[in-house]
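Work through the exercises below with the sequence and the model at hand. Each task is followed by a worked solution.

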Amino acid sequence: MTSSTHLPADLNRRWHQSAEHLGAHAPAGVSLHSGVGGRTLSGPVTAAAGLPAWLRVMAAPRPEGKIWEGAALADTLLGEAVPRPVMLGEHAWQEEQGAFQATLWTRLRGQVLSPTPDLSETAPVDDQWWQNLRACMEEVRATSVPSGREVMTQAYINRIPRFIPELAGEDLTVHRWESAHGDLHWANLTRDPLEVIDWEGWGTAPAGYDPAVLLAYALPTPATAAKVRQVFGDVLDTEHGRLAQLVICAEIIQASERDDVHARLKPYVERLAGEVLVQQ
């Protein structure tokens, strides 16, 4: 991810200009939300015909790459069986300071399950929600991803013994890659109804990666973690699924040095990695 020190500070002005360009109206005194690293700015607007919408502006060094293209590709390629916001408009431009992309989406209909990627209390969802999520993830797995679009590479996976030393010398070759959301944590899921958001990074990942991510970020709440294991057990309890769990454990351990969320999760995923290693 590009450091925020290399991105322009004034996304606020560009956000309001983008709203006007896309024919959307921003409410007076609108509260805008800055993304990780300060590279995105988002907030509510009203689109044509009074439709509630959400406008997101992103800054990047160049108008290219996985994150730049991801949301539009997901909007085009994923079927209606994957519940998610619909793109209403897009505007991209370049300045001397870098490239900018504004995307206008339908407003979320449901309630986000957590303000942070991890859970602090049991997810308030019913069995139908879990069935819908499982069906959604099956649809994602069945969707073809453009060549070269990866959530992560084999080269990265080969380096995870840096964070889980017990894996040193092990063969970590991924034998099955599948289409995945790539960031399926609890701040990217809603209830009443289910919607899955934040598709910028989707692509191919080790088989079982999405359920493994969901499990890792649910570990602070044993009841929800147990439900993830039940719903996705046929995926997680395989050679592919166990490797996927080790991959997300290593990612969280690595990220624990950078932010509080992953520092909070570190002891949980260290225990999970130990349990998975026993099963290997």
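Two strands count as paired if DSSP finds at least two bridges between them. The model used here is predicted.

**Exercise 1. Determine how β4 and β5 pair, and over how many bridges.**

Solution. Locate strand β5 at residues 98-106 and β4 at 87-95. The two strands pair in the antiparallel sense over 8 bridges.

**Exercise 2. Follow the pairing of β2 with β1 and with β3.**

Solution. Start with strand β1 (residues 33-34), which is joined to β2 by 2 bridges and runs antiparallel to it. Here S34 has L41 of β2 as its bridge partner. Next take strand β3 (residues 52-60): β2 and β3 are antiparallel as well, with 7 bridges between them. In this pair T40 stands opposite M58 in β3. The hairpin of β2 and β3 has 5 residues between the strands, and A49 in this hairpin takes a positive phi near 60°.

**Exercise 3. Give the strand order of the sheet and name its edge strands.**

Solution. The order is β1-β2-β3-β5-β4, an open sheet of 5 strands with antiparallel pairing. The edge strands are β1 and β4, since each pairs on one side only. Then turn to burial, where the cut-off is under 20% relative accessible area. Strand β2 (residues 40-46) has 6 of its 7 residues buried, so β2 is largely enclosed by the rest of the structure.

**Exercise 4. Classify the arrangement of α5 and α6, and describe their contact.**

Solution. Helix α5 covers residues 209-218 and helix α6 residues 222-231; their axes come within 8 Å and cross at roughly 165°. Angles over 145 degrees count as roughly antiparallel, and α5 and α6 are therefore roughly antiparallel to each other. Their crossing is left-handed. From α5, the residues P211, L214, L215 and A218 meet T224, A225, V228 and R229 in α6. By class, the residues of this contact are 6 nonpolar, 1 polar and 1 charged.

**Exercise 5. Classify the arrangement of α5 and α9, and describe their contact.**

Solution. The axes of α5 and helix α9 (residues 260-279) come within 9 Å and cross at roughly 115°. The range from 65 to 115 degrees counts as roughly perpendicular, and α5 and α9 are therefore roughly perpendicular to each other. In the contact, L215, A216 and Y217 of α5 meet H262, L265, V269 and L272 of α9. The class count for α5 with α9 is 6 nonpolar, 1 polar and no charged residues.

Definitions and conventions:
Residues are numbered from 1 along each chain as its sequence is written. This is a predicted model: local features need pLDDT of at least 70, side-chain atom pairs count only at pLDDT 80 or more; totals for chains, interfaces and linings use all residues. Side-chain values use heavy atoms; hydrogens and water are left out. Axes are lines fitted to C-alpha atoms, for helices over the stretch in contact, and angles run from 0 to 180 degrees between N-to-C directions. Helices (H or I, at least four residues) and strands (E, at least two) are DSSP runs, numbered from the N terminus. Angles under 35 degrees count as roughly parallel, over 145 as roughly antiparallel, 65 to 115 as roughly perpendicular and the rest as oblique. A crossing is left-handed if the near helix is turned anticlockwise from the far one by less than a right angle, and right-handed if clockwise. Contact means heavy atoms within 4.5 Å. Ala, Val, Leu, Ile, Met, Phe, Trp, Tyr, Cys and Pro count as nonpolar, Asp, Glu, Lys and Arg as charged, and the others, Gly among them, as polar. Buried means under 20% relative accessible area, exposed over 50%, partly exposed in between (1.4 Å probe, protein chains only).
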